[in-house]
Amino acid sequence: MPMKTVSILGIPVACLTMQQVLAWVEKRIEAGKPAHIVTANAEIIYRASRKPELGKLLRQADLITADGSGVVWAGRKLNSPLPERVTGVDLTQQLLAWAAEKSWRVYFLGAKPEVVEKAVLRTLSKHPQLQISGYHHGYFVKQEIDQVVSNIHKAKPHLLFVALGAPRQEYFIQEHLEQLAASVAIGVGGTFDVLAGTAQRAPLWMQQRGLEWLYRLCRQPRRLGRMLALPCFVRAVCRQRKASQGLDKT
């Protein structure tokens, strides 16, 4: 059955809850065919709408989830509501718990050497039965890519978590998906910092009110430049809505 999606600035975001995404992942692992998941926030969707190459890459992904309240807002604005946010960090934490129960092998790629190592150790302390088949930091150079890909291929993980930052992680997954021998590869941004305890998420009340972006900005003022994409995203979505209403009247 075709997956229902909402086109937000030309990017098809899946209308799936967290539980439905987990079920989708399980089916792809059972099928054994490589799959690429993008957890897309407003910033990367806006960038993809401005850069054809990035837009094409995102549309080639097997699944795009709504990572952020801005994306959920856009769905409502376009009269195509998304059921809920499915963020990279929440999805990763849910999948790690599932992987421990189902004996799925996982691989961590990305972040600083000390961060990814700490993320692995803290994850194993929480899920002692989890099979982590390998990990590697994200500070590798172009000449080392083949070796990194080869190491992942040998590990044959069911789940590959790639924390190289967007859109670098998306380009890496798309370019090497077939060689990686991973059932499902997911770009997860700064998730390893959360798993390692070197970064904290916003309080739950801020998450529930869609204010995580404000919490991150207060803690990391250097993100201000990136945050400037948000008002641009809002204006672009409003233009899309206006254009669609015009089409409806013709």
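Where is the place of H36? H36 sits in strand β3, residues 35-40.

## Basis of the report

This is a predicted model, in which local features need pLDDT of at least 70 and side-chain atom pairs count only at pLDDT 80 or more, while totals for chains, interfaces and linings use all residues. Residues are numbered from 1 along each chain as its sequence is written, and side-chain values use heavy atoms, with hydrogens and water left out. Helices (H or I, at least four residues) and strands (E, at least two) are DSSP runs numbered from the N terminus.

Leaving aside residues up to four places away in sequence, H36 touches A61, D62, L63, E170, I173, Q174, L177 and A185. Contact here means heavy atoms within 4.5 Å.

## Helix α8

Helix α8 spans residues 168-180 and bends by about 40° at Q174. The bend at a residue is the angle between axes fitted to the seven residues ending there and the seven starting there. The buried residues of α8 are Q169, E170, F172, I173, H176, L177 and L180. Just after the helix, A181 has a positive phi of about 60°.

## Salt bridges

The whole structure contains 3 salt bridges, each defined as a side-chain nitrogen of Lys or Arg within 4 Å of a carboxyl oxygen of Asp or Glu. One joins E26 and K102, at 3.0 Å from N to O. This pair links distant parts of the chain, with E26 in helix α1 (residues 18-31) and K102 in helix α5 (residues 88-102), 76 residues apart. E26 is partly exposed at 22% relative accessible area, and K102 is partly exposed at 33%.

D62, one of the residues touched by H36, forms a salt bridge with R28, with the closest N and O atoms 3.9 Å apart. Here too distant parts of the chain are linked: D62 lies in the loop between α3 (52-60) and β4 (63-66), R28 in helix α1, 34 residues apart. D62 is partly exposed at 31%, whereas R28 is buried at 17%. The side chains of R47 and E43 also meet in a salt bridge, 3.7 Å from N to O. Both residues lie in helix α2 (residues 42-50), 4 residues apart, about one turn of the helix. An α-helix has 3.6 residues a turn, so residues three or four places apart point the same way. R47 is partly exposed at 25%, and E43 is buried at 14%.

## Nonpolar cores

A nonpolar core is a set of buried Ala, Val, Leu, Ile, Met, Phe, Trp, Tyr and Cys residues joined through side-chain atoms within 4.5 Å. The largest has 36 residues, and those with the most contacts inside it are V25, L91, L95, F108, L159, F161 and F192. Two or more residues come from each of α1, β3, α5, β5 (105-110), α6 (113-126), β7 (159-163), β8 (184-187) and α9 (191-196).

Beyond four places in sequence, F161 touches T92, L95, L96, V106, Y107, F108, L109, I186, V188 and F192. A second, separate core has 28 residues, including C15, V38, L57 and A61.

Definitions and conventions. Buried < 20%, exposed > 50% of the residue type's maximum accessible area, 1.4 Å probe, protein only.
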